[in-house]
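Subject: Structure for your files

Hello,

Here is the structure I said I would pass on. My notes on it follow below.

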Amino acid sequence: MANATPRPGRGRRLPSREELRIWREFVETTEALRSRVASRLQVESSLTPGDYAVLLALSEAEDRQLRSSELAARIGWERSRLSHHLGRMERRGLVRRQECAAEPRGAEVHLTPAGAAAFGAATAPHLRAIRELFVDALTADQLRAAGEIAAALRAHLDAAPAAPGGRQSTRPAP
């Protein structure tokens, strides 16, 4: 990106007024979209986006279980955030944690039958919301362009060093 390249003696250029307008539109629209999808998920399934992200990762895992560190990496969360969230999900019977046999300090997270059922019941309404709120709003060319933009941003973020004390992952909850 040309604006991110330092120019000799001038430091980094700041975004133009038009670039800032586009940035704000992008951020505000993305937040509104995520909020609407999250709200529909919660109303239609009683699951939060965080619940759904955990259940999705576990449903895709071999034997429907993952070490907590691997689960945290897959969904892009800090382990402490995941630990607190898993406690809430465990109380609701969606997941079960148990000590890892191979490593006593590690824990394995298992998808329970209730968690699998909740995930299964939430999936079709969640995918319908994505179609209605995102896919149907765009033409085929716009959708393709959105995919290209997302891929370019992801590649740029993955190549950039993480902020001090920050995480490298850019993967949000679904």
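Which residue lies over the face of Trp77? That residue is Arg81, at 3.9 Å from the ring centre. Please keep in mind that this is a predicted model.

On the overall fold: the protein has six helices and three strands, and along the sequence they follow the pattern α-α-β-α-α-β-β-α-α. Of the 174 residues, 24% are buried. The exposed surface comes to about 11,800 Å², with 56% of it supplied by carbon and sulfur atoms. Taking contacts between residues at least 6 apart in sequence, 51% join residues at least 24 apart.

On the core: the largest nonpolar core holds 24 residues, and those with the most contacts inside it are Leu47, Val54, Leu55, Leu71, Ile75, Leu82 and Val95. Two or more residues each come from H2, helix H3 (68-75), helix H4 (79-91), strand S3 (107-111) and H5. H2 gives the most, with six residues. As for Leu82, its contacts beyond the neighbours within four places in sequence are Val54, Ser68, Leu71, Ala72, Ile75 and Trp77.

On the aromatic rings: the count is two aromatic pairs. One of them is Tyr52 with Phe119, a tilted pair with 5.0 Å centre to centre and 40° between the planes. This pair links distant parts of the chain, as Tyr52 is in helix H2 (residues 49-60) and Phe119 is in helix H5 (residues 113-133), 67 residues apart. Tyr52 and Phe119 are both buried.

Regards

Methods:
Residues are numbered from 1 along each chain as its sequence is written. This is a predicted model: local features need pLDDT of at least 70, side-chain atom pairs count only at pLDDT 80 or more; totals for chains, interfaces and linings use all residues. Side-chain values use heavy atoms; hydrogens and water are left out. Rings of Phe, Tyr and Trp (its six-membered ring) pair if their centres lie within 6.5 Å; planes under 30 degrees apart count as stacked, over 60 as edge-to-face and the rest as tilted. Helices (H or I, at least four residues) and strands (E, at least two) are DSSP runs, numbered from the N terminus. Buried means under 20% relative accessible area, exposed over 50%, partly exposed in between (1.4 Å probe, protein chains only). A charge sits over a ring if NZ of Lys or CZ of Arg is within 6 Å of the ring centre and within 35 degrees of the ring normal. A nonpolar core is a set of buried Ala, Val, Leu, Ile, Met, Phe, Trp, Tyr and Cys residues joined through side-chain atoms within 4.5 Å. Contact means heavy atoms within 4.5 Å. Accessible areas come from the Shrake-Rupley method with a 1.4 Å probe; for residues, only the protein chains shown count as cover.
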